[in-house]
Amino acid sequence: MKVLKFGGSSLSTPSYVETVCNIIHKSMENSKIVVVVSALNGITNNLAELAKLAKDNSSSYKDLLNNISVQHFTTAQSLVKPEKQPALFEEIRILLEELDEVLKGVSLLKELSPGSMDLILSFGEILSAKILTEVIKGTGIHAEYMDARNIIVTDTRHGSAKVDIEASYSKIQRYFAEHKSLQIVTGFIASTKDNITTTLGRGGSDLTASILAAALDAEEIQLWKDTDGVMTTNPKKVKKAFPLSSLSYEEAMELSHFGAKVIYPPTIQPAYMKKIPIRILNTFNQDFSGTLITSGEYKGKTQKKITGITSIEDISLLVVQGCGMIGVSGISARLFGTFAKEKISVILITQASSEHSICVAIEPIHAKRAKSIVEEEFKSEILDHMINRVFVENDLSIIAIVGENMKKTVGIAGKFFSALAKNGINIVAIAQGSSELNISVVISKDNLTKALNAVHQEFFLSETKTANLFVVGCTGNIGSRLLDQIKENYQKILKNLKLELKLVGIVNTKKMYFLEDGINYENYRKELEEHGETSNLDMFVDRMKKMNMPNSVFVDCTAIPDPVKHYCSALESSISVVTPNKNGAASSYLEYSKLKELATLYNTKYIYETNVGAGLPIINTLDDLVNSGDKILRFDGILSGTLSFIFTSFTGDRKFSDVVMEAKEKGFTEPDPRMDLSGLDFARKILILAREIGAKLELKDVIIEPFIPDTCFKADSVDSFFEELKKHDDYFEKMRKEAEGRNEKLKCIGTYSKGSCKISLQSIGTDHPFYQLKGSDNIVSFETDRYNVTPVVIKGPGAGSDVTSAGVLADIIRSFT
C-alpha cells in the first residue's frame, strides 16, 4: 500500500485537479493506495482571515465567505458530471451554512477561541475531500470520503494538537479493515476523544499521511507538491539551488527544523519509527523522481560533504551573561524551565565553555516576554551582580549546514566559516551537536541571502565560482574593451578556470543599470540605454552594497578621482576593488595605507596591477620578490608609453615637435600633451612601486627634473604650446646629437634608490637594458639582493586599451585565486 497526499497547490484549478486524478489512476495500477488531501489552494489562509474578520464584527467577512463559496462551487461544476452535481452542491451548501453559523457565533461573541479557529479551518479539507471524492467516482473508481476526525485522536491543544498514536492506530486499522475501496481522507484535521475538532499544525496534511502509513504499514508515502523535492537550499534566495535525490530521516528532520518548508519534523517521526520511505514528488513534473527520504543504510550515497543548507530568516537571540554564573549549578535548568512554563520554544542553544554566558535563539514574537520572565526568574542574581545583564539581539537569522557525511570529516566547519568570512559575514553565535549532523550559526538578517549563496557555492558549486561584477566606466575605452574581452573569453574562463563572470551592474556618465541575474555581454549597451536610469555614482555604489551579493567586485575602469572616493566603503562591505585608476594607490600615503589595511581587515582584495605598465606583471612580480624576503636595492623604469614613444621615435629624421605631434595624433598622449610631458603621470607610477616596497612617500617627494622648457607649459592653449615647442627644436636636436656621438640614446627614466624617487631625461649606452626599447613599450628593472648582478627586467606594451583591459581582466580573475 502507498499513501498519496496532495497539497493545496496541486488542487489550485480544475485542470490541476484533473492532473491529480490521472496520478491516482496511474498509482492504482501498481498498488493499493490511500489519498490524503489538503484544502484547495489559498482556502486555509482565507478561512483564517474569515475568522478574524468575524471576530472583529466586520461585515466584509460575508464577501470573503461568498468568494470561498464561489471557488468551491466553480471547481465542483467544472469537474463533476452534471447528474452528480445536485447532490454534491447540496452537501457543499450545507457545509457552508454550518460554517456561516459558526462565524455568526464568533461575530456575536466577538471572541475567537483556538477551538473555534480549528473548527473554522477544518471546513477547507472537508470541502476539498468531498469534491475530489465525487470527481474520482466520476472516473469509474469506487471511492469513499473519509473524515479523519473519525480515526485520528489528539489531545485538546488546539492549533497544533498532539496525536494519540495508540488510539489513532487502532481506529485507523479497524476502519480500513472494514473499508476496501479507495479512501479520500481529509488531511490536517483530527478530533479529541470527546469529538472536538482539532488541527495538526503546520504541515498537518503531511502528518496525516504519515500517521495513516504507519498505522497501515504502508510501503511508501508520496507527498505530491509543486516542487521537484527537497532542494539543496531555499530556491527563492539561491537561484542555483537544485533538488536532492535522497536524504536520511535524520537529515530531513534537521533541515525541516531549521526552516526547510517542503516537509515538517512531525511528519517524519511516524514514518521513521516504521522505516517507511517518504518520497516528495512534483504534481506538475511527474517524470522527475523527486526526493526519497529513508533510513541512512538505504539512502543513495553522495560525494557531497553536506546534504543541504537551511535557514530561519527571523530570530532573536537572548543572552544571559555574568561572572556569577561560572561554576554555579542549576542556571541552565532554571532558564529552560522558565521558557517551558511559558511555552516559549528554544530554536538554538549555545553556551561558553567558561559558563560565563548562555545564548538562546527564539522567535522574535516571544523576545520581549522572554527577556521579562528571565529577568524576573534571576532577579536576585541580577541585584547581587552575579548576572550582569539579560539582553536581546534582534534582526538575526540562522543558517545551518546539514549532512551525515559531515561526521568525522575534517574541515567542514572551516570551509563553512571561511565562505562566510570571505564575504564579510560576521558570525554572532555557533552551535553544533555531538552527532556532527548539523552546524548552525547566527548571523545578521541583512546577510542571509548573501550567506546562503556563498555557502551554497562553496559546498555545491565549488567547481565553479561566480564573480558578480559592478563596472564603472563601462562604455569608455578600457571599460568597453574589458566587457568585449570577457564576452570573447567567457566560455574559456568558465571551462578552464571554473569562474563565471556575471555582469550585475554597469554605469557611465549618463546612465546606470542593474540586473541580478546578469546583464548580457552581447548587448549591454542597448540594455543600458533602454532600461538604465539616470547615472549617479553615489546611488550606484549604495545599490551595489544593498544588493549584498557574494563574491562582488567593484571594477573602476575610469581615470578620474570620483570613483576612488567609494573604494573604502566597497572594501568595508567585503567587495573587492579592481582598477587601472591610479588616483587611489597614488593618493596620500595615509589613504593608500587605509585601502590596503581595509582589504586585509575585511578579507577582500584591492588589486591595481594595471596602474603601472598596463597588462605587464610589474606590481605582482615586485610583491613576489618582497614577500619572499628579497630586498629591493634599486629599480629603474620607463613607465610612460607616451614618453617611451617620443624618445624612441626621435631619431633625427624629424624635429622633436613633429614627433610629439605624431604621438598626439596616434592617441599616445592626452588631448593636451603637456599632461604627459610634465612627468606627473609617470611620477604616480614610480610612487606606487616605491610604496609597494615599503617607502612611505608622497607624490611631492618624487623629484621630476623637467626637460621641457617652462615657457611651453605656460602657453595658453595646445596650439600655442606646439608653437612654443617648435622654438626649442634645435635644443632637443643638440641633445640628441650629443648622445648619438657617444653611441647613446635619450630616454626618460624613473629611478628609485635609497628611499628616494627621481624622473629625469638620461643618455644611456648600449650596455643599458633600456637601450633597445622600441615604440611605446614600457620597461622596468629590479636590482635586489638576489638579483644584484643581472637585474630582473620586465618589458612589453605598457599602454593601450587592449593590454590595459586584458590586465584588468587578469586582476579580476586573480581576485578569486
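Student: At roughly what angle do the axes of helix H8 (residues 249-257) and helix H9 (residues 265-274) cross?

Tutor: Two packed helices are described by the angle between their axes and the distance between those axes. Here, the axes of H8 and H9 cross at roughly 165 degrees and come within 9 Å. The axes are lines fitted to C-alpha atoms, for helices over the stretch in contact, and angles run from 0 to 180 degrees between N-to-C directions. That angle makes H8 roughly antiparallel to H9 (under 35 degrees counts as roughly parallel, over 145 as roughly antiparallel, 65 to 115 as roughly perpendicular and the rest as oblique). Bear in mind that this is a predicted model, in which local features need pLDDT of at least 70 and side-chain atom pairs count only at pLDDT 80 or more, while totals for chains, interfaces and linings use all residues. Residues are numbered from 1 along each chain as its sequence is written, and side-chain values use heavy atoms, with hydrogens and water left out.

Student: Where do the names such as H8 come from, and is the crossing of H8 and H9 left-handed or right-handed?

Tutor: Helices (H or I, at least four residues) and strands (E, at least two) are DSSP runs, numbered from the N terminus. H8 and H9 cross in the left-handed sense (the near helix is turned anticlockwise from the far one by less than a right angle; clockwise would be right-handed).

Student: Which residues of H8 and H9 meet?

Tutor: On the H8 side they are Tyr249, Glu250, Ala252, Met253, Ser256 and His257, and they meet Pro265, Ile268, Gln269, Ala271 and Tyr272 in H9. Contact means heavy atoms within 4.5 Å. By class, this contact has seven nonpolar, three polar and one charged residues (Ala, Val, Leu, Ile, Met, Phe, Trp, Tyr, Cys and Pro count as nonpolar, Asp, Glu, Lys and Arg as charged, and the others, Gly among them, as polar).

Student: At what angle do helix H23 (residues 656-665) and helix H27 (residues 718-726) pack?

Tutor: They pack at about 150 degrees, with their axes 8 Å apart. That makes H23 roughly antiparallel to H27, and their crossing is right-handed. From H23, the contact is made by Phe656, Ser657, Val660, Met661 and Lys664, and from H27 by Val718, Phe722, Leu725 and Lys726. Six of these residues are nonpolar, one is polar and two are charged.

Student: How should I read strand pairing, and in which sense do strand E3 (residues 143-146) and strand E4 (residues 182-186) pair?

Tutor: Strands of a sheet pair through backbone hydrogen bonds, either parallel or antiparallel. E3 and E4 pair in the parallel sense over four bridges (two strands pair if DSSP finds at least two bridges between them). Met146 has Val185 as its bridge partner in E4. Together with helix H6 (residues 165-178), E3 and E4 make a right-handed β-α-β unit (with the strands pointing away from the viewer, the path from the first strand over the helix to the second runs clockwise).

Student: At roughly what angle do the axes of H6 and helix H7 (residues 204-215) cross?

Tutor: The axes cross at roughly 70 degrees and come within 9 Å. That makes H6 roughly perpendicular to H7. H6 contributes Tyr169, Ile172, Gln173 and Phe176, while H7 contributes Ile211, Leu212, Ala214 and Ala215. The contact divides into seven nonpolar, one polar and no charged residues.

Student: In what order do the seven strands of the open sheet stand?

Tutor: The order is E20-E19-E18-E17-E21-E22-E23, with mixed pairing. Strand E20 (533-534) and strand E23 (606-607) are the edge strands, each pairing on one side only. Strand E19 (residues 511-514) pairs with E20 in the antiparallel sense over two bridges, and Lys511 stands opposite Thr534 in E20.

Student: And what is the order in the open sheet of six strands?

Tutor: That one reads E25-E27-E26-E24-E28-E29, again with mixed pairing. Strand E25 (702-704) and strand E29 (792-797) stand at the edges with a single partner strand each, so one side of each is left without a neighbour in the sheet. Strand E28 (residues 777-784) and E29 pair in the antiparallel sense over six bridges, and Val780 has Ile794 as its bridge partner in E29.
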